[in-house]
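The sequence and structure come first.

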Amino acid sequence: MSVLGYGKIFLFFFKLNNNNLVAQYRTVEFVLGLILLGFLGILINLYFNLSDIISVCLLILGASFFIFCSLKIKLKYNKAELIIVLCIILLSTFFSFYSLSNDDFDYHFRMITNFKEFSLFDIEHGKRTSYNSHWIFINAILYITKYPSSVFCITSLLYTLTLFDFYQSFRRNYQNNHYLQTTYSFLVLFFLIGVMNEYKNFGTDFPGQIILLFIFLIFFERFKSIINNIDNTTFFLLSVLAIFAFTIKLINALIFLLLLILFFHLKRKIYI
């Protein structure tokens with residue numbers, strides 16, 4: 001709820017509340033919330049360590065944003081919506097409790113504790129501390145030291161939301177006889193369940209891969225609107241997701257090749 005609250009503020013600021021792309025994918029709003037939360041965390045960590053008190057305050061602030069935006073747009077959850085939300089919460093809670101550590105768990109967790117104990121400029125310079133993933137920083141913001149399982153919660157939520165969105169995409173495209181999108185959604189679901197089911201930890205590879213998978217899904221589903229029209233909103237959201245993926249893992253910069261092609265195509269359409 002807190003992360004979605006930040007996502008709603010992001011959408012409100014950029015006037016994307018009624019964008020059907022965001023409405024179609026819950027994960028997009030979730031990622032936008034992480035971006036805004038991470039930005040606020042950086043500003044705070046410049047001067048203060050990310051203590052549990054600050055983490056709780058940021059969570060309460062995000063929940064307040066969610067309630068405010070929900071009341072402003074008169075959001076009404078029906079029974080089916082409530083069941084979906086509860087299922088996502090239960091599954092992500094299960095994953096967070098039973099997640100296993102990866103090979104880099106040791107120094108990742110050490111970096112998280114550094115953010116919790118020191119301000120940004122007080123952290124000792126080193127190869128594994130000065131050049132690290134933004135995902136580790138976001139984990140530090142949401143990690144409550146008194147609840148150890150909370151260190152896995154953000155990746156577990158991302159994993160659960162991704163499963164749900166790709167399943168919805170598979171059903172939607174199958175019913176509409178969109179074979180390319182259906183095949184892609186099915187293969188990603190198979191990959192997530194069959195390959196990544198033991199990857200539900202705060203490693204930096206998995207979250208970045210999730211964002212890239214979503215970028216390609218949006219590209220496949222919005223290909224015609226991008227090619228035939230000047231779809232600046234979709235391009236903007238793809239760019240934001242790509243930048244976030246880049247901050248998680250530098251190798252994800254390759255996705256900018258796709259955006260570069262789209263940019264020159266949109267530029268050509270404008271001149272035409």
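## Confidence

Helix α7 (residues 127-130) has the lowest confidence in the protein chain, with a mean pLDDT of 58, while α3 has the highest, at 90. Here pLDDT is the predictor's confidence in each residue, on a scale from 0 to 100. Over the protein chain the mean pLDDT is 78, and 74% of the residues reach 70 or more. Helices (H or I, at least four residues) are DSSP runs numbered from the N terminus.

This is a predicted model, in which local features need pLDDT of at least 70 and side-chain atom pairs count only at pLDDT 80 or more, whereas totals for chains, interfaces and linings use all residues. Residues are numbered from 1 along each chain as its sequence is written, and side-chain values use heavy atoms, with hydrogens and water left out.

## Helices α1 and α3

Two packed helices are described by the angle between their axes and the distance between the axes. Axes are lines fitted to C-alpha atoms, for helices over the stretch in contact, and angles run from 0 to 180 degrees between N-to-C directions. Helix α1 (residues 2-13) packs against α3 at an angle of about 90°, and their axes are 7 Å apart. The two are therefore roughly perpendicular (65 to 115 degrees).

Contact means heavy atoms within 4.5 Å. On the α1 side, the residues include Val3, Tyr6, Ile9 and Phe10, and on the α3 side they include Phe30, Leu34, Leu37 and Leu40. By class, this contact has 13 nonpolar, two polar and two charged residues. Ala, Val, Leu, Ile, Met, Phe, Trp, Tyr, Cys and Pro count as nonpolar, Asp, Glu, Lys and Arg as charged, and the others, Gly among them, as polar.

## Thr27 in α3

Thr27 lies in helix α3 (residues 26-45). With 1% relative accessibility, Thr27 counts as buried (under 20% relative accessible area, with a 1.4 Å probe and protein chains only). Beyond its neighbours within four places in sequence, Thr27 is in contact with Leu158, Leu161, Thr162, Asp165 and Phe214.

## Helices α8 and α13

Helix α8 (residues 134-142) and helix α13 (residues 232-248) pack at about 90°, with axes 6 Å apart. That makes α8 roughly perpendicular to α13. His134, Trp135 and Ile138 of α8 meet Phe244, Thr247 and Ile248 of α13. These residues divide into four nonpolar, two polar and no charged.

## Phe263 in α14

Phe263 lies in helix α14 (residues 256-271). At 37% relative accessibility, Phe263 counts as partly exposed (between the 20% limit for buried and the 50% limit for exposed). The C-alpha atoms of Phe263 and Phe235 are separated by 7.9 Å, and these residues are 28 apart along the chain.

How values were computed:
Parallel < 35°, antiparallel > 145°, perpendicular 65-115°, else oblique.
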